[in-house]
Amino acid sequence: MSMSHLYGRREEEEEGVEVESFEVTDWDLANEFNPDRRRYRQTKEQATYGIWAEKDSDEDERPSFGGKKTKDYTVPVNFVSGGLRKTAAEEEEQEKGEAGSDDSDDGPSAPAPSRSTAPKKLQMGNFRSNLSQRFAGNIQSGKGIGSWEKHTKGIGQKLLQKMGYQPGKGLGKNAQGIINPIEAKVRKGKGAVGAYGNERTQQSLQDFPVVDSEEEEEQEFQKELGQWRKDPAGPGIKKKPKYSYRTVDELKAKGKLTGRSTATSAGELAQVKVIDMTGREQKVYYSYSHLSNKHSVPDEAPPSMSTQDQKASGFALPELEHNLQLLIDLTEQDILQSARRLTHEKDIVVSLSHEKRALQSRLDAEQDAIQRMEAVLALVERFPSEDMAPGEGPTLQECAQIFESLQTDYYEEYKTMGLAELAVAVVHPLLKQKLCSWVPLKDNSYCLEDIGQWRAILESRDLHSSAPDSNMDPYHRLLWEVWIPVMRSCVSSWQPRIVEPMVDCVDVWAPLLPLWILDHLLEQLILPRLQREVDNWNPLTDTVPIHSWIHPWLPLLRSRLEPLYPPIRSKLSNALQRWHPSDASARLILQPWKDVFTPGAWEAFMVKNIIPKLALCLEELVINPHQQQMEPFHWVMDWEGMLSPSSLVSLLDKNFFTKWLQVLCSWLSNSPNYDEITKWYLGWKSTFSDVLLSQPLIKEKFNEALDIMNRAVSSGIGGYMQPGARENIAYLTQTERRKDFQYEAMQERREAENVAHRGVSAGVPTNFKDLIQTKAEENNIVFMPLVAKRFEGKQLYTFGRIVIYIDRGVVFVQGEKTWVPTSLQSLIDMAK
């Protein structure tokens, strides 16, 4: 909302000048801060024309309660000019009037017509001419603009001063703003902007002193105007012809661009006659490239003369121009073809040079290969042949040096031509001749270094044969054809009971033998000899224990010896049929086999052959407190380490403690000496080991004996009671109970320490195999890999008597037809 709307507006006409005055009424003061006051609304004319709008008679009365004032249609209608061109006389009169008004700018201007008497549109039509007059009246530029401030409180001036305004200077940071109203200058005539020259006023020249060159503007105007004419210079002026020159490089560059757009730039299509009738005139081209380039000449200037002028000039020779243009085109085509031919020849030269270098490098490589082959052939010819005498050829050490030089200096030829196969014809005879006098059982390290040297030379790292076939590795073939025959003849004459020489020989040669050759030696040569010897063994007549010549093979044969165990147990069982526990030789013979047999097989053997004999011995034992024979009891207790704790406890429960408690009861019923009973009780208890005393059933039997003694002392059976007997028995009971409690606590502490020590030393299992190993140790189960036994690339293991393999954290057990996955606990139960 403008300031005139806030404070009211009053128009005064003084000497033809319309002055706008401002004042504050009582209504304005009363409703200054009233948010619900009726605000003055502009009319459409006021919004359009501002202060030049028609004034209503009731405009000063605010707030207005009347409706919109109806338009007075009785006023005469005036019309605005429709833009008709004035005559020359009228324009001259108007120019003279404007000139007279310009000369009389210093004097008082004519009074402006009243707004009420002039029609609104007419007033707007004369707005441009009267604008300077309205502001050029009695008010001078820059004076009296802020005179209305005397009627107010000075808020506008204060706001301007706060924003940096200084009286008498312009607005803005650098006082660049103008105070005078913008002057308007009436454009003469009906032309467009700038059609009659410069239109700047004196005020704009004073405030913005920019010098405009009218001559430059006129020249620029004429230059732009000439673009719309066919001949800017006029028909009477002759213009110099403009010549176009083109160098060979430019022509080549244009030919390259043309060659990109057209697939066949030279040849038949280049000389085809093309008639262009797309324009006003018929044009003839002699190649498609010219047709495609008819619009691609931006640097050519338009023709300087029209067709009519050319005809009038008298020098119109189209045939000559055509011939000249044809000669130019043909010359350009020749230049382009020559350039293309030259480029093609250069490309051929570059291609031939590359091919020459490639052929030269290939020739050098082949020459080098020929030289290397000649050197290899020279080395191969040094090997012994059939024509040489037995002592003339190189020795085994010299042959090894030749093979090493072949591998080191000519590795590609060695691998490509398979020179390792020469060892079959060269090395085998020499090595066989050297091993013909070798006795393995006497000198087991003979020729060991030579075989190790040939292993480093001949063994292939990427070929591991598992059977004696034609594709065998040269080193494996060397051992199979030279070393194995010597060992076969040695094993055939070997006595299995003389075990140390053969075991030492196998231990020495095992690191140099492939797995399949070692398996063949153990399974096909040595194991059958051991089986035949076990079949001929008689435990009753042979003075040499069988374990002395079987157990040394355990580290090498391991689970392969399991077929020998059933015959051994059968023969030992037959030998124990007439055995008595008083004979300690049986325990010495059986003790080495306890850790060899599986726990189940060992327990079954003990239950069948040993425990019945010990039970008879305990039944024949006579318990006499006055004269006790302890030998039979000691015979039984000597087997404590051989029998399982559960079997021994069951044996003592059925055959010893029943008689022992009966003797104690009968002794207490006949007025005994309690000191002797206490000594007798402690003496029998001392014959039991700590392992047996820790068994619950043994504890229960001894506690039962203490309870019998306490009841006897409490009841006073027999009439006579020994003084202090009750206290002694009570003390004995408490002491024994305390010992049992302390022993249990100590056992628990030891177990905890063992578990902690085992956990620290072994650590947490890092994989599933370590976990199985830990469980096997905790349950006393043998867990070891089978040598050279695999299933689908997986290593086979023996877990007790079960064969398993591990794949991705899962245990597979060998079933009847296939491998079955199982859990770890089920595996332990099956092994037990």
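Colleague: What share of the residues in this protein is buried?

Modeller: Keep in mind that we're looking at a predicted model. Of the 832 residues in the protein, 28% are buried. As for the surface, the protein exposes about 56,100 Å², with carbon and sulfur atoms supplying 53% of that area.

Colleague: And how many helices and strands are there?

Modeller: You'll find 35 helices and nine strands in the protein.

Colleague: Okay, how do I read two helices that pack together?

Modeller: Two packed helices are described by the angle between their axes and the distance between those axes. The crossing of α14 past α16 is left-handed.

Colleague: Which residues of α14 and α16 meet there?

Modeller: From α14 come L396, C399 and F403; they meet L422, A423, V426, V427, L430, L431 and K434 of α16. Sorted by class, that contact has nine nonpolar residues, one charged and no polar ones.

Colleague: Now helix α29 and helix α32: at roughly what angle do they cross?

Modeller: Helix α29 (residues 657-668) and helix α32 (residues 696-715) cross at roughly 10°, and their axes come within 10 Å. Under 35 degrees counts as roughly parallel, which means α29 runs roughly parallel to α32. On the α29 side, the residues include F657, W660 and L661, and they meet α32 residues, among them I698, K701 and E704. By class, this contact of α29 with α32 has 12 nonpolar residues, two charged and no polar ones.

How values were computed: Residues numbered from 1 in each chain as written. Predicted model: local features only at pLDDT ≥ 70, side-chain atom pairs only at ≥ 80, totals over all residues. Heavy atoms only, no water. Helix = DSSP H or I, 4+ residues; strand = E, 2+ residues; numbered from the N terminus. Buried < 20%, exposed > 50% of the residue type's maximum accessible area, 1.4 Å probe, protein only. Areas by Shrake-Rupley, 256 points an atom, 1.4 Å probe, with all protein chains shown as cover. Left-handed = near helix turned anticlockwise from the far one by under 90°. Contact = heavy atoms within 4.5 Å. Nonpolar A, V, L, I, M, F, W, Y, C, P; charged D, E, K, R; others polar. Axes fitted to C-alpha atoms, helices over the stretch in contact; angles between N-to-C directions. Parallel < 35°, antiparallel > 145°, perpendicular 65-115°, else oblique.
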